[in-house]
Amino acid sequence: MAELGPARSWRTGFFVCVWLLLFLSVSSGSRDVSGGNETSGEPARDTPEDPHHQTNSTAHKKAFPVLSFNYHDVRKPFVISLWILLALLMKLGFHVIPNISNVVPESCLLIGVGLLVGGIIKAIGEDAPVLDTKLFFHYLLPPIILDAGYFLPIRTFMENMGTILVFAVVGTLWNAFFIGGMIFAVCQIEGVQLASVDLLSCLLFGTIVSAVDPVAVLAVFEEIHINELLHILVFGESLLNDAVTVVLYHLFEEFSHAGTVTVVDGVLGVICFFVVSLGGVMVGAIYGILGAFTSRFTTHTRVIEPLFVFLYSYMAYLSAEVFHLSGIMSLIACGVVMRPYVEANVSHKSYTTIKYFLKMWSSVSETLIFIFLGVSTVAGPHAWNWTFVISTVLLCLVSRVLGVIGLTYIINKFRIVKLTKKDQFIVAYGGLRGAIAFSLGFLLTDKERKNMFLTAIITVIFFTVFVQGMTIRPLVELLAVKRKKESKPSINEEIHTQFLDHLLTGIEDICGHYGHHHWKDKLNRFNKTYVKKWLIAGERSTEPQLISFYNKMEMKQAMMLVESGSAAKLPSILSSVSMQNIQQRGSGNRRAIPSISKSREQEIRKILRSNLQKTRQRLRSYSRHDLMLDPFEDNVSEVRFRKQRVEMERRMSHYLTVPANRQETPSVRKVCFEPEHQVFTYDNSESPRGPRARPDPGPLDAVSLLSESQGPNKSREQKAKVPEEQEEQDQLKLSRCLSDPGPNQEEDIS
Amino acid sequence: MGSSSSRMDHIPNAEQLMQETGFSAAHILRLYARFEFLDKDERGELRPEDFGALRGLAMNPIGDRIIGAFFSRGKETVDFPSFVRVLANFRPTETNTIRDGGQSFSRTRKLKFAFKLYDQDRDGKISREELLQVLRSMLEQQVTEEQLQSIAERAIQEADLDQDDAISFEEFKKSLERVNIDEKMSSHFLR
């Protein structure tokens with residue numbers, strides 16, 4: 001109870017804060033809406049007041065206003081910021097409450113909050129802000145799609161491209177026509193008062209409701225961690241069906257104004273589909289290439305690199321929207337094309353920035369979308385018609401299930417790895433509708449039917465997100481669907497996968513069959529010989545994929561070590577270091593670790609902590625305009641650095657093959673030789689001269705130290721030594737090597 | 001129908017091959033046609049030069065290993081049954097009909113084939129030198145010896161569980177456990 005006390009009081013304090021903020025936002029929002037009417041009045045009022053002030057001031061001097069209140073000028077950004085802040089606090093709040101986020105997916109909670117806020121606003125009697133279509137399509141949707149497209153797992157996506165396309169195109173068409181047609185049939189039933197709804201409106205409605213929504217799918221699937229295949233199937237479908245939705249929507253909209261449909265219109269529709277989708281992809285690819293090309297020249301202006309990625313992608317989206325092409329496909333194509341080249345060109349920091357900004361924006365967007373969905377639900381004019389709504393929901397489910405089963409039957413004839421019944425179930429169940437359907441519905445112009453349609457759409461959205469979203473996780477566990485395997489990058493996998501690719505290409509050549517592998521190989525070759533030369537700067541343009549993979553892996557591991565060191569938990573460093581490279585010796589390791597005495601452990605911990613923190617602090621001082629000469633980015637030292645890193649790795653790896661009972665000491669020593677540590681070695685003695693990276697003397701000396709004291713042969717000899725003595729020696733060496741990074745001091749030890 | 005059955009008579013042991021490998025008659029015919037195409041001198045058997053005539057294979061970094069896989073130890077030529085047997089390794093497995101035991105059997109068979117390509121001296125292990133050779137051929141002289149060494153070192157460290165400084169078949173299988181071998185090592189053409 002005593003423990004819960006402070007935690008509880010924190011939580012209650014937090015919630016009080018949140019509710020205060022809520023009221024503030026609501027009231028300011030309402031003031032904003034009501035104030036909107038007054039804005040026109042105010043300036044007019046102001047000007048007549050001014051001469052008044054003048055005359056007043058001449059008449060009797062007004063005291064200088066120390067504190068004045070001028071909410072009017074900052075109202076708009078203030079309200080927007082307040083809304084966003086509220087949304088994010090809500091998101092935070094869900095994770096403070098321990099159990100809810102396990103049961104209810106975040107999207108549901110956010111919609112719930114939106115409903116609440118909408119209810120409060122309505123109760124106050126004001127107009128709530130609605131999910132404006134422009135706001136949605138131009139500001140809220142692009143970050144989410146860009147985030148998804150940039151981090152799309154290309155290999156899996158391409159391997160399943162056929163299946164995804166079939167689901168996206170044929171599946172959506174089937175859904176649209178089935179739902180539209182059946183709803184029309186339902187409307188024709190006597191006694192339902194829906195006879196006035198014509199076929200084209202029904203088809204239009206069917207189109208809007210049939211599209212699987214990427215935002216909702218992402219939000220729910222993100223939390224259940226199913227295996228990559230299913231994830232990419234549903235998600236890929238939700239992305240690619242945008243082209244179909246756009247075409248069908250515009251088609252039916254035109255037709256419902258024109259009134260009649262001819263065969264020519266149908267043919268034009270099909271052509272339009274190809275233009276929309278391929279055109280979108282092309283626009284995206286062009287911007288992607290531009291972005292990659294630009295990133296080639298950014299070696300001296302690293303700070304603005306991420307902006308290029310974002311802006312080119314956004315321009316791709318907007319350009320596609322100008323021509324009524326599929327903006328989503330354009331955005332995806334841009335991200336996919338740009339990514340490999342940009343990643344080869346930008347600095348590590350920019351890469352991290354891009355990643356985090358994308359994640360951040362998409363997170364904010366998603367949160368806002370769901371909250372606004374809730375608010376709009378409460379606010380919007382509704383026209384509830386039991387038959388229509390219930391039949392819509394039922395038809396959505398039925399058509400989805402039928403569509404998936406039928407298509408899978410056909411697809412499985414062409415797939416090597418067939419989709420099982422479980423897979424089909426998840427694909428069908430994961431067809432969630434979301435805010436895109438809502439926004440498209442909002443664009444409808446037909447007045448009375450619009451409200452009925454909107455109500456039905458909202459019901460479907462709520463049903464899929466709440467019911468399907470909440471139950472999918474227990475169902476996944478119940479059906480024991482394969483989950484996402486934790487992926488540690490493995491150099492073996494990479495080598496063998498490439499080997500197998502070559503093998504299969506060769507076999508296809510022998511069979512005389514130009515298959516999948518053949519074209520992939522051709523593309524890779526083209527990429528290597530022509531494209532990379534143009535789009536990647538410097539020597540990295542000729543770097544084979546395996547090498548970049550290897551370097552990336554090494555760097556990641558190095559960073560991880562430094563970061564884990566700052567937590568200053570010694571056993572975790574040891575286990576993480578030793579677990580990285582030495583697999584099944586874990587049991588031996590764990591037994592070995594506690595043998596270091598407590599006091600020694602404390603000492604080592606203190607040394608590590610202080611040293612790694614020093615590294616951090618040195619890194620933090622920088623000026624806004626020039627990035628610190630980071631050895632990772634300095635081209636001159638980069639080549640040398642890489643070579644040394646490779647050499648160091650080689651020597652380091654000798655020590656990791658040392659047998660089990662000598663585990664802790666070599667691994668502890670390993671921390672000392674982390675590339676990071678050596679690289680950011682600004683000698684204490686030389687700090688007045690300013691920060692200067694000195695990679696060259698450092699590593700070699702350090703390595704030579706190690707090689708002298710402990711070659712692989714010698715390690716076996718030293719097994720015989722008394723453990724205590726060894727520890728003491730190591731302790732001393734360790735403390736010296738960590739606290740005296742400069743090359744001069746190292747000579748003492750050797 | 002008549003023509004295909006008469007052509008099947010040209011092929012020695014067609015029935016037996018079909019049984020053994022699971023190929024259908026149509027497939028055997030197709031493969032025979034391909035075999036005849038490759039066999040320019042109409043000898044009834046293939047030699048390494050016949051394979052080497054394929055341009056794609058010549059450009060393939062591990063082309064010579066693949067060609068070598070067709071020739072069993074000591075033999076200079078490949079006859080049609082051996083040709084078919086090797087290619088049968090790349091048939092997609094019917095996952096719906098084979099139960100779990102069958103599935104892993106075919107996976108193991110495919111992996112064994114790949115392993116043989118690495119392990120040129122057939123000692124049952126991929127030594128460091130063999131791995132280096134593979135890396136060298138795949139990376140096509142664009143990297144330094146140092147880098148190759150460190151990659152090979154790292155790869156062996158990662159995979160080598162019994163510390164014998166080489167990768168055995170079991171370790172090879174384990175390092176590829178996350179890869180869907182059935183998908184990766186199958187060709188549609190050979191269904």
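A:Arg400 is buried, and A:Glu237 is buried as well, where buried means under 20% relative accessible area, exposed means over 50%, and partly exposed lies in between (1.4 Å probe, protein chains only). The model is a predicted one, in which local features need pLDDT of at least 70 and side-chain atom pairs count only at pLDDT 80 or more, whereas totals for chains, interfaces and linings use all residues. Residues are numbered from 1 along each chain as its sequence is written, chains are lettered from A and ligands numbered from 1 in the order in which they are written, and side-chain values use heavy atoms, with hydrogens and water left out.

**Salt bridges**

A:Arg400 and A:Glu237 form a salt bridge whose closest N and O atoms are 3.0 Å apart; the term stands for a side-chain nitrogen of Lys or Arg within 4 Å of a carboxyl oxygen of Asp or Glu. This pair links distant parts of the chain, since A:Arg400 belongs to helix α16 (residues 386-411) of chain A and A:Glu237 to helix α11 (residues 228-258) of chain A, 163 residues apart. Helices here are DSSP runs (H or I, at least four residues), as are strands (E, at least two), and both are numbered from the N terminus.

A second bridge joins A:Arg473 to A:Glu223, with the closest N and O atoms 3.3 Å apart. Distant parts of the chain are again linked, for A:Arg473 is in helix α19 (residues 447-478) of chain A and A:Glu223 in helix α10 (residues 214-224) of chain A, 250 residues apart. A:Glu223 is partly exposed, at a relative accessible area of 22%.

The side chains of A:Arg302 and A:Glu305 also meet in a salt bridge. A:Arg302 counts as buried because its relative accessibility is 10%, and A:Glu305 counts as buried because its value is 2%. As a general point, side chains of opposite charge can pair when their charged atoms come close.

| Salt bridge | N to O distance |
|---|---|
| A:Arg400 and A:Glu237 | 3.0 Å |
| A:Arg473 and A:Glu223 | 3.3 Å |
| A:Arg302 and A:Glu305 | 2.8 Å |

Beyond these pairs, A:Arg155, A:Asp501 and A:Lys520 are linked in a network of salt bridges, and a search of the whole structure finds 16 salt bridges over all chains.

**Helix α11 of chain A**

Helix α11(A), which holds A:Glu237, has 31 residues that should span 45 Å at 1.5 Å a residue, and its end C-alpha atoms are 45 Å apart, in agreement with that expectation; the expected span is 1.5 Å times one less than the number of residues. A kink of about 30° is centred on A:Asn241 in α11(A), the bend at a residue being the angle between axes fitted to the seven residues ending there and the seven starting there. Because 23 of its 31 residues are buried, α11(A) is largely enclosed by the rest of the structure.

**Surface patch and a further position in chain A**

A:Val263, A:Val264, A:Val267, A:Leu268, A:Ile271 and A:Val275 form a nonpolar patch on the surface, with about 570 Å² of accessible area together. Patches are made of residues with over 30% relative accessible area and no salt bridge, like charges being joined within 9 Å and nonpolar side chains (Val, Leu, Ile, Met, Phe, Trp, Tyr) within 5 Å. Accessible areas come from the Shrake-Rupley method with a 1.4 Å probe, and for residues only the protein chains shown count as cover.

A:Ile154, in helix α7 (residues 154-159) of chain A, is partly exposed at 33% relative accessible area.

**The chains as wholes**

Chain A has 32 helices and zero strands, and 52% of its 750 residues count as buried. Its accessible surface comes to about 36100 Å², of which 64% belongs to carbon and sulfur atoms.

Chain B contains twelve helices and four strands, and buried residues make up 49% of its 191 residues. The accessible surface of chain B is about 9300 Å², with 50% belonging to carbon and sulfur atoms.

In chain B, B:Ser106 lies in helix α8 (residues 100-118) and is buried, with a relative accessible area of 7%. Leaving aside neighbours within four places in sequence, B:Ser106 is in contact (heavy atoms within 4.5 Å) with B:Thr93 and B:Asp182.
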